[in-house]
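Student: Please show me how to read a model like this one, feature by feature. I would like the general idea before each case.

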Amino acid sequence: MRICSKAPLRISFAGGGTDVPPYPKLHGGAVISCTIDRYAYVSLEPRKDEKVVIRSLDFDMVSILDSIAEIHYDGNLDFAKAVIRTMGKPDEGLNIHISCNAPPGSGLGSSSALIVGVVGAMKHLHDQALTSYEIADTAYHIEREELKIKGGMQDQYAATFGGLNFIEFKPDGVVVNPLRIRPEILNELSTHLVLCNTGRTRLSSKILRRQIKSYESGDKLVLRNLEGLKRLASKLKDSLLKGQVEKIGPLLDEDWDLKRQLDTRISTPFLDRISKIAKASGASGGKILGAGGGGYFLFYCNPEHRPKLEKSLKNAGCALEHFSFEPSGLQTWKVSEKGVVS
């Protein structure tokens with residue numbers, strides 16, 4: 001018997017940063033994001049002994065646990081260990097295999113998606129009746145509180161729920177609002193988006209730790225920009241609902257201008273150069289995904305400019321990533337000797 005799960009990665013259009021505590025608890029935050037056809041994969045298989053063996057297929061890393069008491073966070077597959085500690089070790093041994101279509105630090109929410117994937121698989125294994133909100137909240141608790149990794153709240157909810165969502169982070173909880181965007185609007189949007197990998201990864205927690213410190217110290221520029229990012233999320237949502245796709249490029253640009261002022265290391269000379277090259281090649285707007293410092297750029301351009309833009313980005317050392325929107329969130333299933341079952 002094998003239990004499998006997959007959780008999608010996401011692109012964030014606007015509002016990132018307003019989901020990073022303590023800001024949303026005091027002022028409320030909002031982001032608009034959409035999951036894409038890139039995934040974190042997890043599989044669980046029983047063992048004859050009582051060991052839990054966690055293996056990363058991407059990095060050829062292995063961690064072997066004899067008991068929960070033996071769990072120590074040492075940088076070696078800690079997120080899977082934290083799920084085991086939080087949700088409980090099964091009576092029998094377990095092999096856990098994990099992989100992901102994007103590395104940590106990509107800005108696509110890959111680390112959170114992996115945690116959501118392991119939580120979902122363990123939920124299936126334990127036959128627990130958890131709602132999507134409870135799964136996302138558990139994943140957030142594991143990543144931000146158990147592992148003490150600084151970051152926001154949007155990625156866990158995006159990976160769990162899937163689709164295009166306007167997510168509100170209120171003082172009393174999180175509300176995921178699925179957006180009913182007409183298919184023709186999504187088709188038009190997808191023809192204008194260009195996703196490229198800068199080849200530079202970063203530790204988002206360091207950037208976010210400085211952002212949090214600035215906010216807590218009363219930095220007026222940071223507070224003003226966070227308010228502006230929150231308003232942009234609502235403006236971009238309204239533009240999509242009305243089919244005003246042509247407004248998305250400038251809104252992405254405005255989001256990037258506000259976000260890069262939250263911390264001096266969100267952008268770099270290399271990222272600034274990529275942005276300038278893209279603008280000169282036909283992009284009407286764009287932004288780095290995630291906390292900044294590297295990872296993936298998302299640009300908006302008219303289809304007739306796409307060939308020139310893609311060629312320029314390739315010449316600048318970026319790798320293009322063609323993608324589609326993914327309407328589904330976390331999925332789990334079981335494979336028995338008789339075949340695949342839900």
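Tutor: Let us begin with burial: a residue is called buried under 20% relative accessible area, exposed over 50% and partly exposed in between, with a 1.4 Å probe and protein chains only. Before we apply this, note that the model is predicted, so that local features need pLDDT of at least 70 and side-chain atom pairs count only at pLDDT 80 or more, while totals for chains, interfaces and linings use all residues. Residues are numbered from 1 along each chain as its sequence is written, and side-chain values use heavy atoms, with hydrogens and water left out.

Student: Is serine 56 buried or exposed?

Tutor: Serine 56 has a relative accessibility of 4% and therefore counts as buried. This residue is found in strand β3, where helices (H or I, at least four residues) and strands (E, at least two) are DSSP runs numbered from the N terminus. Taking contact to mean heavy atoms within 4.5 Å, and leaving aside neighbours within four places in sequence, serine 56 is in contact with Met61, Leu77 and Ile98.

Student: How many of the residues of α2 are buried?

Tutor: Eight of the 10 residues of α2 are buried, which leaves the helix mostly covered; among them are Asp78, Phe79, Lys81 and Met87. The buried residues of α2 pack against β3 (52–56), β4 (61–65), β5 (93–100), α3 (110–126) and α4. Just after α2, glycine 88 takes a positive phi of about 100°.

Student: Where do aspartate 253 and lysine 279 lie?

Tutor: Aspartate 253 forms a salt bridge with lysine 279, and the closest N and O atoms are 2.7 Å apart. Aspartate 253 lies in helix α9 (residues 248–259) and lysine 279 in helix α10 (residues 269–280), so the pair ties together parts that are 26 residues apart in sequence. Aspartate 253 is buried, with a relative accessible area of 15%, whereas lysine 279 is partly exposed at 36%.

Student: Which residues do salt bridges that share partners join into one network?

Tutor: The network consists of Asp37, Arg38 and Glu321. Aspartate 37 and arginine 38 meet at 3.0 Å, N to O, and arginine 38 also forms a salt bridge with glutamate 321, with the closest N and O atoms 3.1 Å apart. Arginine 38 is buried, with a relative accessible area of 13%, while aspartate 37 counts as partly exposed at 27%.

Student: How is the protein chain divided into domains?

Tutor: Domain bounds come from an automatic or database domain assignment; here domain 1 takes 2–180 + 327–341 and domain 2 takes 183–321. Their C-alpha centres lie 25 Å apart, and the contact between them takes 36 residues from domain 1 and 35 residues from domain 2. One salt bridge is counted between domain 1 and domain 2.

Student: How much area do domain 1 and domain 2 bury between them?

Tutor: The size of an interface is often given as the accessible area lost when the parts come together. Buried area, accordingly, is the accessible area (1.4 Å probe) that two parts lose on being put together, summed over both. Domain 1 and domain 2 bury about 2800 Å² between them, 69% of it on carbon and sulfur atoms. Of the area that domain 1 buries against domain 2, Phe13, Tyr23 and Lys150 supply 23%, more than any other three residues.

Student: Which backbone angles deserve a careful look?

Tutor: Most residues other than glycine have a negative phi, and most peptide bonds are trans. In this model, a cis peptide bond joins proline 21 and proline 22, with omega about 10°, and proline 22 is found in the loop between β1 and α1. Aspartate 60, which is not a glycine, has a positive phi of about 55°; this residue sits in the loop between β3 and β4 and is exposed, with a relative accessible area of 64%. Lysine 148 also has a positive phi, near 60°, and is placed in the loop between α4 and α5 (154–161), where lysine 148 counts as exposed at 63% relative accessibility.

Note on methods: Salt bridge = Lys/Arg side-chain N within 4 Å of Asp/Glu carboxyl O.
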